[in-house]
Amino acid sequence: MKEIKNKDIVYDVLKVLLTHPQNNAFFIEDQAYTYGELGNQIGAIQDCLVRLPDTVIGIMAENNIQTYSSILAVLMSGKTYVILHPSYPEDRNLRIAKLAGLQHVLCLSTLEQNRLGDNSIRFIAIESLPPLSIEKLKYQVDGAANAYLIFTSGSTGEPKGVPISRNNLNAFYDAYGKLGWKLSEKDRMLQMFELTFDVSVVSLLYPLTLGACVYTVGYKEVKYLKVFELLESYEITFAAVTPSLLQLMSPYFEEIQLPSLKYLIVTAEASHKELLERFRDSAPNAEFVNLYGPSEATIYCTYYRIPSQNCKHYNGMIAIGKPFDGMEIMIVDEDGNSLPTDQMGELWVSGPQVMNGYLNDPKKSALALIQAVDGKTYYKTGDLCIQNADGDLIYCGRKDSQVKIQGFRIELGEIEYTAKHFLSNAHNVVVLPTTREGICSELHLVIEAETFDSVGLLQFLSKKLPKYMLPKQVHSIPQFPVNTSNKIDRKRIAQLISIKND
Amino acid sequence: MTKEDVLIQIQDIFKLVLKKVDVALTEHSTFGDVAGWDSLNHMIIMSEIEKHFKIKFNFREVLKLKNIGDVCNAVLAKIE
């Protein structure tokens, strides 16, 4: 195997596959798979892929060793992978396949969804490929070539393709490694994210660079229960989870003890300090870290080690901390002028982790990527932040969660924070604005609870907030829906309470 | 109360939560077998079952409930 000098995540996985064949690489649905077995699967798929002229390969995401081998085989063959999801509507998979220009999709022959649209896309059944050693695998790729395409939901309903190059991914890998994790081949690490969501990339690949074992959660399981079952039964040492998942488990915190957990990563949405404070006793030996980043800047690009006391926050939302090595940030006003310390503005990020532009979409790319006065290209995150005197970024909510009613600027997070305070942080809360002819007209407060004191809550809010911030209506639903990325699904909540915008 | 009685009552809870009339559960039904039975509805269904039978499951008990038969047995053990 030809030596690659620069930091390269795929090359590092390949080295482990060759040097640690006896180690367990994956633990999937109560079955362990060694690096040796994983390597033989990868060899078979890679041998098939190199015969195809395609540069982009689709993978139908299942929770099995073939799916994970497919991801690695595509990366090792120098091609780009795109995840399709068996539980997505065929129409959405088809749109993604067309946008990505897919000709071939790797899948299990047993999958029911082994067709897409007019059958112009060919399916390759992975189980039919005989195992093949990776010892002769030639790994050499162009850094500018894409590693994967992630599709995020676009505001127009058409999925937006985010191409992440090998250079982006390796810049991320280099910076992520510098966070100083004390991890080794002996660690047991959780991967609970849907493969259509980019946090899965690091949850999957990073442990394999160490020779550690990845414990996976399938999409057909009750996710929050399975995660905690794995954490407890297999003494998982590293887990990245969404705050929503912790919230679902919060009624059971007192019964949960995870002394083996060394790191708890919270990611993908704003983390509330009270929730994590309540979880501390369940994971007494774990360091809690908040990792933040948009897909466009490759998985994560800032980190904050959450102290057990005096955690920095804004309206209860935990700080996102400092930029990754190599990344630069700016906080800007609405005209793109850089703002001084302690002033709130939009967070822009720049550096080797930032994508070159959306897939085949120069218009959206031009809106999202901007050349600043320093001559560098920044990605406009749409997130509001403050940078404090210590250089820590304090997350203040989405730019679009800031609304104006009768000229007053309102941050929905502030109302949510105040309501949560009244409810002793026992319930999730969202505030949803309704619009009339494009103008925000009123606010609806939604509580994740079956019963609560709505009169008392409104009285409390009226004492704490100006009149223009008071919600017109208070609703309750027993459980907030979450999307496939395990984030609270505000759109679905709006549907559930029948808010109509026109 | 027999296991069959518990199953029928649980089936009614499913119909109510999933807003469907055609839910047909067996002891072997598992998460994913019934359309609409997702993580979110699972939490709601479990909470409705607890309220209906006036029982409470702890975390370890919840983990052991792998199919509807397990739920029926756990309910029976609690109400006896």
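A cavity is, on a 1 Å grid over the protein atoms alone, a set of points where a 1.4 Å probe fits but cannot get out, and residues with an atom within 4 Å of a point are its lining. This is a predicted model, in which local features need pLDDT of at least 70 and side-chain atom pairs count only at pLDDT 80 or more, while totals for chains, interfaces and linings use all residues. Residues are numbered from 1 along each chain as its sequence is written, chains are lettered from A and ligands numbered from 1 in the order in which they are written, and side-chain values use heavy atoms, with hydrogens and water left out.

**View 1. The largest cavity is lined by 13 residues.** Those nearest its centre are A:Y68, A:F193, A:E194, A:L195 and A:V217. The space in this cavity is about 90 Å³, where a volume is the space filled by probe spheres set on grid points that are joined across faces, edges and corners. Its lining has six nonpolar, four polar and three charged residues, with Ala, Val, Leu, Ile, Met, Phe, Trp, Tyr, Cys and Pro counted as nonpolar, Asp, Glu, Lys and Arg as charged, and the others, Gly among them, as polar.

**View 2. A:S203 sits in helix 6 (residues 199-210) of chain A.** Helices (H or I, at least four residues) and strands (E, at least two) are DSSP runs, numbered from the N terminus. A:S203 counts as buried because its relative accessibility is 8%, and buried means under 20% relative accessible area, exposed over 50% and partly exposed in between (1.4 Å probe, protein chains only). Leaving aside neighbours within four places in sequence, A:S203 is in contact (heavy atoms within 4.5 Å) with A:L190, A:Q191, A:F193, A:V214 and A:A240.

**View 3. Strand 13 (residues 287-292) of chain A is mostly covered, with five of its six residues buried.** Strand 12 (residues 263-267) of chain A runs parallel to strand 13 of chain A and is joined to it by five bridges, given that two strands pair if DSSP finds at least two bridges between them.

Note on methods. 1 Å grid on protein atoms, 1.4 Å probe; cavity = no way out; pocket = protein on both sides within 12 Å on 5 of 7 lines; lining within 4 Å.
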